Each structure stands twice: as structure tokens, then as C-alpha cells.
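These are my notebook entries on a protein model.

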Amino acid sequence: MFHQIWAALLYLCGILLNSIYQCPEYSQLTTQGVDGKEFPEPHLGRWYFIAGAAPTKEELMTFDAVDNIVFNMATGSAPTKLQLRATIRMKNGLCVPRKWIYHLTEESTDLRTEGRPDMKTKLFSSSCPGGIMLKESGQGYQRFLLYSRSPHPPEKCVKEFQSLTSCLDFRTFLQTPRNQGEGVKSHRRGLGLTKSSAGAG
């Protein structure tokens, strides 16, 4: 009996250590950036949507028809506001513009989307140079999204993102194919995109 209990304890310890090893804790971004810069200064400018992960396929459906997305983050009309604009290139070649207003949360890097009180966005650092990870959650969905300053980050960065999110039980993975060029035309016919995500709508 003693040996069985001891073996069970060792097994549980092994599972715990294995989970800790496989799921490194990504440090959440604080309100203060490097070199004394205040958030969000280091995160303004152009970003490319690279990949997403979620517990279920349904939580990533909004990206199914997307080829690539280019974002531009700028300061808003007030110190606590951020303006996000996106150019979404669809797999059929059409191009869709989108824009959102983010509200900064006091003493936190959590972002609230204007007009979407249920939606919450948390920012995390990424081991990938020039990369950042977002966790979006709202009514009935949650997902991790990977963004990069480069449209083609090292494959290692994408694999690390997929490995981490899979370990956290976000096992459905999607990577933008980037087969279409970055467009500027605006077409809205028959796209069926929602406005629930800063990834695609």
C-alpha cells in the first residue's frame, strides 16, 4: 500500500513539473515600458496579425476567410484612448477596413473596446523580437492572438506561440496564409465579418 501511495505521489509530481516546464509563464506587460516610456508608447505604429489560438474552432471562425491583416495603433482623442485601424485582406482578394477605440484601464494594461462592454483584452510579452501576444475574452469566447512588427516573423516564434497556447488548452490553431498582397481598396460585399475582434472585425 505504501509503495502504491508513493508511486501515485511521484506520478502527480511528475505531471506538475512537466506542466510547469511546458507552460512557461509569460510576464504580463506593466503600465511602464522600458527606458521610462509609459504605456502605450512602445506599442504604437504598425502591427501584423500572425496567428491565433482558442479552445474551440468556433472561437476562431471569424478568421477563416482572412488572408492577412495589417493594423495601425495610434493615440486617441484623450490620453486614455487608443485608436486601432485595420486593413483586412480576405482570401478572395477583397479588402475590408475596420477601426476600433480602445480604452486604457487605470493601473493596468487591460484594454476595453468601446461599444463592447463584455470584451476584455489583456497584453502579454512575447519571446519573439518585435512580437506581442493578446488574450481576447468576451461573451462565449476567448482566444490568444500573436502580432508582430514583421509580416514574416521567424518560424520559431510561431511554433513557440502554438506550443504555449496548446499547453494552456487553447489547442485550435490558425495561422494567416498571407497569399494575397496587402491591399488598400475597400469592399464590404458579402464578407460576413463581425465586430467582435481586434483580429478580424
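Are Glu 136 and Arg 143 buried or exposed? I found that both Glu 136 and Arg 143 are buried. I note at the outset that the model is predicted. The two residues form a salt bridge, and their closest N and O atoms are 3.1 Å apart.

I checked the accessibility of each partner. Arg 116 has 18% relative accessibility and therefore counts as buried, the cut-off being under 20%. Asp 118, at 31%, counts as partly exposed.

Another salt bridge links the side chains of Asp 169 and Arg 171, at 3.2 Å from N to O. Here I read a relative accessible area of 47% for Asp 169, which is partly exposed.

How many disulfides does a search of the whole structure find? The search returned 1 disulfide. Cys 128 and Cys 157 form this bond, with their sulfur atoms 2.3 Å apart. I looked up the torsion about the S-S bond, which is about 80 degrees, so I recorded the disulfide as right-handed. Cys 128 sits in the loop between β6 (116-125) and β7 (131-138), whereas Cys 157 belongs to helix α2 (residues 155-167); the pair therefore ties together parts that are 29 residues apart in sequence. Both Cys 128 and Cys 157 are buried. I also looked up Cys 95, which has a relative accessible area of 2% and is buried.

Which residues of the largest nonpolar core touch the most other members? I listed Phe 49, Phe 63, Ile 69, Phe 71, Ile 88 and Tyr 147, out of 25 residues in that core. I next asked which strands supply the core. At least two residues each come from β1 (45-54), β2 (66-75), β3 (81-90), β4 (95-104), β7 and β8 (141-148). The strand that gives the most is β3, with 5 residues. I found a second, separate core of 13 residues, and its members include Ala 53, Val 70, Met 133 and Phe 144.

Key: Residues are numbered from 1 along each chain as its sequence is written. This is a predicted model: local features need pLDDT of at least 70, side-chain atom pairs count only at pLDDT 80 or more; totals for chains, interfaces and linings use all residues. Side-chain values use heavy atoms; hydrogens and water are left out. Buried means under 20% relative accessible area, exposed over 50%, partly exposed in between (1.4 Å probe, protein chains only). A salt bridge is a side-chain nitrogen of Lys or Arg within 4 Å of a carboxyl oxygen of Asp or Glu. A disulfide is a pair of cysteine sulfur atoms within 2.5 Å. Helices (H or I, at least four residues) and strands (E, at least two) are DSSP runs, numbered from the N terminus. A nonpolar core is a set of buried Ala, Val, Leu, Ile, Met, Phe, Trp, Tyr and Cys residues joined through side-chain atoms within 4.5 Å.
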